[in-house]
Amino acid sequence: MPGLETSLVARRCLTFATGLVECLCFAGAVFGWASLVFVLKQEGYFSSLCINATGINSTQVLDCSRQDEQFSLVFTIASFMNNFLTLPNGFLFDRFGTTVARLILKLIHFCLFPSVLPNLLFPALSLLSVGGILFLMTNMQVGNLFGSHRSTIITLYNGAFDSSSALFLVIKLLFESGVSLRASFLFLSACSGIHLLRTFFLLPRNFIPYPLPDHYTYGYESPTDHTDTNSKHKKSFRECLLSRFFAWHLLWLSVMQLRHYLFIGTLNPMLQRLTAGESSLVSQYTNAFAITQLCGVLCAPWNGLIMDRHKGKPRRAGESEQEADLRASVLSLFLTALQCLLFSVCASTPYLPLQYLTFILQVLNRSFLYGGNAAFISVAFPSCHFGKLYGFVMALSAVFSLLQYPCFALVKGALNGDPLYVNIGLTVLTLLAFIHPLSVYLHCRRVSSQQAKSKAISASS
């Protein structure tokens, strides 16, 4: 049926393309916090916390450290909610499917954007995080439509999620051109109609299964989508949650995520310190940081290609597809940890021009980190548990990421604004991320050795 096949291919390509635009323009906007803070300061948010203080040579200066601390708290809570509420979102997605999850998402976004007022900044940014992660979660399953490129598409969507932080850069540039913050958010709220159309026409009501059945259809033509069942030979959710893979993967994600969150949350005061408070330089480096975030969508697919590089090639004798996927993931996990180490070293160096390199390493590592996180969960565990496991790992890593606020308070207090010792401590902490790729490598080698022994025994008998 050539006509049906052509129609299915066209719909899958349209689903992929529109999902990429959706993640790129809306999902991870909260991580453009550095650009939004610049606008919020211009708008006078929390300006009452700035006080007159005596500076060098008894000159009067405006001390806005408490304002910076309040903004840091907003981002800490928003980033925590972004991860922690992924847990109920994951259960919601696995239990009720795509349509229900996205309808709840659109309700959040429709109510959210017009209400970004000073007294609602905390809940508004938190809800923005929750909605964004639902966008990503419901779109990552699109990778199942393209089996041989599954990990590449999952990582590409995660890269688009990172790059969507540039949305706040656009809002910042519009603000500097005379467009009010409220007008920008009202426009974003009006985009909800487009997302609703995509929900009903280009996504399944339940889930996209993997492996994909022949002539699989979805959307308005398919009243009952295929749902992936938890077969008897698959691990239970409890077994997955208590496995060594999950524990080391959680540590791998948590230590690197903490490093990124602390860097993003303290970027503005760090630039204030390195530029001696020169507003034009702060704006220049803030723009440079936001622009580099756009490159996340270009960096992330390389991680997926690393994980998909064995697809289409003959597997080792006796090796299953999952075992081949796990073996391919070792290099991805190791490179991600190495990138984070280099990023942390650069971020710890108090030299302003070096921060351009820090920005590049940061966006490269973030793209590998979140894309690799989702891709590893998809290959290491049954797909019927993906939403719950993804939610659990993000929620538990969110609890760990709360350490960023006491770190910030320590820098502002006992360390008198000098983050050197905190940065050194975080750099050492990132070394723990190398345990995960080592664990997966040893597991793959052990499985390969067992298969070789079994083959030798079979041959001798």
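Phe201 is partly exposed, at 40% relative accessibility. Buried means under 20% relative accessible area, exposed over 50%, and partly exposed in between (1.4 Å probe, protein chains only). Phe201 lies in helix H10. Helices are DSSP runs of H or I, at least four residues, numbered from the N terminus.

Helix H10 (residues 192-201) gives the largest share, four residues.

## About the model

This is a predicted model: local features need pLDDT of at least 70, side-chain atom pairs count only at pLDDT 80 or more, and totals for chains, interfaces and linings use all residues. Residues are numbered from 1 along each chain as its sequence is written, and side-chain values use heavy atoms, without hydrogens and water.

## Salt bridges

The structure holds four salt bridges. Each is a side-chain nitrogen of Lys or Arg within 4 Å of a carboxyl oxygen of Asp or Glu. Glu22, Arg102 and Arg198 form a network of them.

Arg102 pairs with Glu22 at 2.8 Å. That pair links helix H5 (residues 98-112) to helix H1 (residues 2-27), 80 residues apart. Arg198 also bridges to Glu22, at 3.1 Å. Arg102 is buried at 0%, Glu22 at 3% and Arg198 at 6%.

Terms used
Helix = DSSP H or I, 4+ residues; strand = E, 2+ residues; numbered from the N terminus.
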